[in-house]
Amino acid sequence: MILDYFRFSISTFGGRKLRTALTILGIFIGIAAVVSLISLGQGMQNAVDEQFEMLGSNRITVTPGGGDMSSPMTTGLVAAKLSDHDVEVIRKVKGVDHAIGVLVRTAKIEYRGKSRYTMLFASSTDSKSIKFIENIDYFMLEEGRYPKESEKYKASVAIDTGNSLFDREIKRGEKITVNDRNLEVIAITKKTGNPVHDTKVTVPLDTARDLFGIEDEELSLIFVETSAGFMPADVAENIEDALRKDHRVKIGEEDFTVATAEQLIASFKGMLGMVQVFLVGIAFISLLVGGVGIMNTMYTSVLERTREIGIMKSIGARNIDVMAIFVIESGLLGLVGGVVGVVMGYAIGKAAEMIAVASGVTILKVFYSAELIIGALLFSFVIGSLSGMFPAIEASRKNPVDSLRYRR
Amino acid sequence: MILYENHGIYELLDDSKLFIVSDIGDAMKKKIPVIEVRNVEKIYKMGDVEVPALDGVDIVINRGEFVAIMGPSGSGKSTAMNMVGCLDVPTKGKVFLDGHDISQLGESELAQIRGKKIGFIFQTFNLINSISAIENVELPMIFQGVSKDERMEIAKKLLSLVDLGDRMEHKPTEMSGGQQQRVAVARALANDPEVILADEPTGNLDSRTGEEIIGLIGKLHKEGKTIIMVTHDEDIAKHAQRIIRLKDGKVV
């Protein structure tokens, strides 16, 4: 019987194509927004996971600035600084295999007469540090080798630095100019999928300090690798203790942040999650508006079809039958909106992914879960049915005699 | 508990009475009332003013009869039809259908009874335009929970009976008035009701097509259906065995 009502409802849409289409539009915008935002968000979460996997699970990052202010995103925005001395302190901590200081700056790069700005990374050039850095996914080499301590004016570039900044591949042996100083490129780093790392320039730490006229021992962050057999979380605590003692600060007043890869993932995901909740919240409001649209359409439909309701009642439709017909009809409006919305949401997500790839972010893969799609369809049907509930109740209560006499 | 049992026995007796009734021959059948309207008053409220539409009406229609209800507009003819057709309940008095008092029933119960026992034919056909002829005929059976296969079979048979076997998939808007009214006749027969209630069935048709429809209704009467026809047309009313005339809310 319910199935018959479904068929009956579908057949009635044909007569009111434009209004049906407009009503569906109201729902499909909301569903498309929800589906694309959630699938993009899921894709971002996955990308974050992947990125931090590249960082390595046995690595710890120390950044300047303390408390909630600090995260990888605010690096460079805080007044607190890390220094070579901190690296020395950390290297002595129990469970630390090695630690290196990294300086990150935006630099003006000139190559073949053109100049562009990009990120410049600098780290120590002693052999242990080079070995350390070569093992971090972001700094793995495609060809060549990192400069030694004696090679002050040599640099490495990332695989896309040339193509994406200068429309031309930079080859080993060529010269680039950084802040008016000529450097010879002797190494190319591997592709990572992260546009920041795929267009970077890496130079020795001393060179960078020279180029930027940095007189103190400032560092942007410190990478730490734990020794085998130690839990990163324990080592992170040890590092915190040591730095606190060295900086003479109390618990809670730290001017640095120590985070394991896992903690970094958690804080990043927390932020992403918040942004996502906000956006999806807005999308849900638009769904609600779509629901009101359905309600409006259904009230109009109930009025227009008063006579039809009278006919149905005269040939044996009970109140509940009439109600079911209208609820199913509005549910179907919602569901069709949902189907179109899911398809549109999928397309929007894919488009965002393609735009990301075109701009170098190859790590962002939109993730569509079956739960999301089924959930969105169910939800759109439920929203449609709920919106149709009041109009349907009104329809079911119509008196057959008056309804039959109703003239438009 | 006792009350419940009593009620059960009453129902049982009632059913057995019906059982006996259905076994009695045609001649006897004519005397068995299908619809009894007993001293019925119906008052409509128009704002604060009470308008009496029926004022103590008694109508008895027996099984297998062909009755016409006539009267000028404002005579209470339509209200009487609503009572007889279980579309409405009286303000006062009682209406019995097959011996059951329906004047106290709720709307949904009335709907169920209408769907099963009464087939309507309206002046304006009252088909649902968005669905095909066969779906229109199926509709009353959907409300009675008849399975899809059975419905299709019955609907096809009925549409062939009214000579529309080749137009089953057409929508009402693609049909002439006469064809639409024939679909309506087929729909009225869908649940094999005891009573066919026709409200001005020829009112929107030209005289030739009107004659055809009256012929069809006459055929149904010969096959044993009880026919109640509301009309203001004396020529049409002549086809009935008996004419009930209403004036100012009373039978005259």
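Two residues are in contact if their C-beta atoms, placed from the backbone, lie within 7 Å. In the predicted model shown here, residues 24 or more positions apart account for 72% of the contacts in chain B with a separation of 6 or more.

Figure 1. The secondary structure of chain A comprises 13 helices and twelve strands, and that of chain B comprises nine helices and ten strands. Of the 408 residues in chain A, 42% are buried; for the 252 residues in chain B, the buried share is 44%. In chain A, 82% of the contacts with a separation of 6 or more are accounted for by residues 24 or more positions apart.

**Figure 2. Contact between chain A and chain B.** Chain A contributes 20 residues to the contact and chain B contributes 22 residues. On the side of chain A that touches chain B, at least two residues are supplied by each of helix H1 (2–13), helix H10 (306–314), helix H11 (319–358) and helix H13 (400–405) of chain A. By residue class, this side of chain A consists of eight nonpolar, seven polar and five charged residues.

**Figure 3. Packing of helix H3 against helix H8 in chain A.** Two packed helices are described by the angle between their axes and the distance between the axes. For helix H3 (residues 84–91) and helix H8 (residues 232–247) of chain A, the angle is about 130 degrees and the axes lie 9 Å apart. H3(A) and H8(A) are therefore oblique to each other. The crossing of H3(A) past H8(A) is right-handed. H3(A) brings Asp86(A), Val89(A) and Ile90(A) to the contact, while H8(A) brings Ile239(A), Ala242(A), Leu243(A) and Asp246(A). Five of these contact residues are nonpolar, none is polar and two are charged.

**Figure 4. Buried face of helix H3 in chain A.** The buried residues in H3(A) are Asp86(A), Val87(A) and Ile90(A). Viewed down the axis of H3(A), these buried residues fall within an arc of 105 degrees, so they line one face of the helix. An α-helix has 3.6 residues a turn, so residues three or four places apart point the same way. The elements covering the buried residues of H3(A) include strand S1 (59–64), strand S2 (82–83), strand S3 (96–111), strand S11 (221–226) and H8 of chain A.

**Figure 5. Packing of helix H5 against helix H7 in chain B.** Helix H5 (residues 133–143) and helix H7 (residues 177–188) of chain B pack with their axes 8 Å apart and at an angle of about 30 degrees. That angle makes H5(B) roughly parallel to H7(B). H5(B) passes H7(B) in a crossing that is right-handed. From H5(B), the contact involves Ala133(B), Asn136(B), Val137(B), Leu139(B) and Pro140(B); from H7(B), it involves Val183(B), Ala186(B) and Arg187(B). The contact of H5(B) with H7(B) contains six nonpolar residues, one polar residue and one charged residue.

Figure 6. Within helix H4 (residues 107–117) of chain B, the buried residues are Leu110(B), Ala111(B), Arg114(B), Gly115(B) and Lys117(B).

Conventions
Residues numbered from 1 in each chain as written. Chains lettered and ligands numbered in written order. Predicted model: local features only at pLDDT ≥ 70, side-chain atom pairs only at ≥ 80, totals over all residues. Helix = DSSP H or I, 4+ residues; strand = E, 2+ residues; numbered from the N terminus. Nonpolar A, V, L, I, M, F, W, Y, C, P; charged D, E, K, R; others polar. Axes fitted to C-alpha atoms, helices over the stretch in contact; angles between N-to-C directions. Parallel < 35°, antiparallel > 145°, perpendicular 65-115°, else oblique. Left-handed = near helix turned anticlockwise from the far one by under 90°. Buried ≥ 20, exposed ≤ 12 C-beta atoms within 10 Å, placed from the backbone. Arc of directions from axis to C-beta.
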